[in-house]
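Reader: Could you take a close look at one part of this model for me? I'd like to hear about the ligand site.

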Amino acid sequence: MKELDISRSILKSHFNELLNNLTTDVVIVGAGPSGLVAGGYLAEKGIKVTILEKRLSPGGGIWGGGMGFKYAAVQKEAIPVLEDFNISYREDESGLFMVDSIELASGLIFGAIQKGAHLFNLITVEDLILRENRVAGVVINNTFALMEHFPIDPLTIEAKYVVDATGHEHDVVATLSRKNDVKLNTPTGKPMGERSLFAEPAEKGVIENTKEVYPGLFVCGMSTAAVFGYYRMGPIFGGMLLSGKKLSEILIKRLS
Ligand code: 48F
């Protein structure tokens, strides 16, 4: 066994996959529950999906359940998504279904990759490519470079569609709106900001507002609440899973 072979094989494998993803059908920014579900269902249909996650560990806000207690709640309507990703659940006497958040996070990550999505960690989307009033791709950089504020220029990925699945941060939509004189598909034309916690309407709102917010740019998951001015919901995850599923259905239609 030669150390040089280990290094060469890692670099070759990584850069082959990255080069293959420089143009793609869909870039999903953020590997939380909504982005992972969307990515898995899209890839399963043969659509080329690139998921970019700025942290070392994908999974977003799943791992900690509620306040660091590792169970998360899911409503009945989202059980088919759990089953599609082979994640186990148990019905609680409250009528909710309980999932181990560690199994949920790892199951969605594994499932999305097994279904064919390309998931890259430690890549931050710092900007967008705009062409003739349409989002045409993303501007990416190394997360550590950005954390240290090193003056390193970014690279780009071209995509037919970009999805903001960045959760509370709604980072992609916020950047688009801050840097450009654009009118979003929201009542004010701008990101409206998330409201305080009210679980039931929040769970409906996150699904209803899974849509195109600017030509070529979609929102799913918690970023829909921040963009469309809806409530947060706390550690109930059915809305996130169903939002990811709805997003995949919209884009499957667009791309077919
Ligand atoms: O926050 P997150 O889990 O998003 P989500 O799919 O799910 C929300 C729930 O976890 C939870 C909830 C609501 O109460 O139920 O909050 O909407 O995952 C978002 C991911 O996006 C990454 C971030 O690190 C996280 O893993 N992310 C954020 N900004 C960027 C990014 C960026 N600019 N580039 C790449 N990744």
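Which of the 27 residues around the ligand come nearest?

Author: Happy to. Bear in mind that this is a predicted model, where local features need pLDDT of at least 70, side-chain atom pairs count only at pLDDT 80 or more, and totals for chains, interfaces and linings use all residues. Residues are numbered from 1 along each chain as its sequence is written, and side-chain values use heavy atoms, with hydrogens and water left out.

Now the shell: Ser34, Glu53, Gly61, Asp171 and Met222 come nearest among the 27 residues around the ligand (near means a heavy atom within 4 Å). By class, that shell has 11 nonpolar, 11 polar and 5 charged residues, with Ala, Val, Leu, Ile, Met, Phe, Trp, Tyr, Cys and Pro taken as nonpolar, Asp, Glu, Lys and Arg as charged, and the others, Gly among them, as polar.

Then there's the backbone. A polar backbone atom of Met222 is 2.7 Å from a ligand oxygen, while a backbone N or O atom of Val125 lies 3.0 Å from a ligand nitrogen. On its own the ligand has 730 Å² of accessible area, and the protein covers 96% of that (Shrake-Rupley method, 1.4 Å probe).

As for secondary structure, α2 (33-44) and β7 (123-130) are the elements giving two or more residues to the shell; β7 gives the most, with 3 residues. Helices here are DSSP runs of H or I with at least four residues, strands are runs of E with at least two, and both are numbered from the N terminus.

Definitions and conventions
A polar contact is a pair of N or O atoms within 3.5 Å; within protein, one must be able to donate a hydrogen and the other to accept it, and residues adjacent in sequence count only if both atoms are side-chain atoms.
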